[in-house]
Amino acid sequence: MFPFKTFSLLLLGAIIYYLVAMFGMSVFSFHPSNITLLWLPFGIGVILTHHFGLKALPFIFLGSFFANYGGMVTEEIHSIFHTSIASFADTLAPFLSTWLIRRHMDGNCDGVKVLLPITIFGAIIPTFISGVIISLNLAIGGYIHYDEVYALIGVLMFADGLGLLLLYPIYQNFKILSVPTLKEWQVAFFYLAVAFAFIWFSFTYNYFLFLVLPLLLIAAFQIRIHLLMGMLLMIVIETIALSAHSNGVFHMPTQIESILMLITYLMSLVFVIMGVSLHHTELINSINLINTDNLTKVKNVRAYKERILELLSLYERYQTPFSILIFDIDDFKVVNDTYGHRVGDIVLTDMCALIQKHIRTNDTLFRVGGEEFVILCPNTYLIDAVEIAEKVREVVALHLNTIDNKSITISVGVSQVEVNDTEDSLYRRVDGLLYKSKHNGKNIVTSDYIYKEKA
């Protein structure tokens, strides 16, 4: 027996499968009425199978059966038999797709290298097998003529493949990427509105349709892939829905030629945009890797140099203030000598994770040496930076419990940028304040504000 939560989620998945299938059949289907130009349920089936394993298959079968039955009604026994065959094919395809994806790739959509295997193993092979089964089943049942089988296999492969390519990247990247910001949503809605307008106008002026590709290419460099693929999904749905009921760019002498022309265009559009977005994601990840410390996963000294030069430039041009904190772990050599370097590495990692949770969103933590770290606080005056430093010092002293019965503390130096400061002069000044914290007893914060007051 399934746990109740698992059963509920799978039942919900089957209902979503059914509703999405019915939506597709009502908006962009052709004869027989259970064949659509975009079969999103295939993508849903792959997601369910990927997430729940073999337990998902009976629910996919039921969702497919109830969705297909209405379009295959002739006489009861006849319809049940051929609907069952179609549902078996609809269940087999996501099973094969999931198995092949896991066998030939790690399942993540984080680079352009996944585009070929997910297309071949995730889409082409499973949909060809299911397409052959469905097409022959329809021909044997008298729903279509035998001379339509080859074209229908091609249509089914395109329709199912689109469903996978549009939904699977959203699912995979939604798990690992943060929720889009308000600005990203605004940018996405703007591009989506313009794309919808281009598609609408294309049924009067055909050339407008070909402006959608460059528009989406621009969007691909501004929003993340899970949001971009959601946009692309809406664009594909609108294009198919309007094309199914209007003569436009894809109007050809026969219906099957029009359909193949339309879905070939859409597949090309999805393939190009997905490839560009994946490549862009790969480049961003590579840049982040270059600027990230391997051990602690915070920004490294290279990233620090780039960021502080940006802040110094802003200060020179617009007098935008910023402050800098430098700190290191008190008696860290004793930790390494007593507990070993492996424990020392864990202390560094735990400390960084703890501090990241307690600094502001626009502040950045950098590892610039073995146990020496910097926090840059843009648009921050010294008095506020001292409060930040005190908070960080206190959080580490109270909550960094990596080693049982061993208190870990940090000493901090804080300063604000001044006229004629360079990266070197600013760093030397704050490093000197850190030394004073060490000299005066450790586990304290020292700022040049204190020494100016004394003077």
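I count two strands as paired if DSSP finds at least two bridges between them, and I take helices (H or I, at least four residues) and strands (E, at least two) as DSSP runs numbered from the N terminus. The model is predicted, so I noted that local features need pLDDT of at least 70 and side-chain atom pairs pLDDT 80 or more, while totals for chains, interfaces and linings use all residues. Residues are numbered from 1 along each chain as its sequence is written, and side-chain values use heavy atoms, with hydrogens and water left out.

**Strand β6**

I looked up β6 (residues 410-416) and found seven of its seven residues buried, meaning under 20% relative accessible area with a 1.4 Å probe and protein chains only, where exposed is over 50% and partly exposed lies in between. In a regular strand the side chains alternate between the two faces of the sheet. In β6, Ile 410, Val 412, Val 414 and Gln 416 point one way, and Ser 411, Gly 413 and Ser 415 the other way.

Next I checked the neighbours: β3 (residues 322-329) runs antiparallel to β6 and is joined to it by seven bridges, with Ile 324 partnered by Ser 415. On the parallel side, β6 pairs with β7 (residues 445-447) over three bridges, and Val 412 has Val 445 as its bridge partner.

**Helix α1**

Which helix holds Leu 11? I found Leu 11 in α1, and I recorded this residue as partly exposed because its relative accessible area is 39%.
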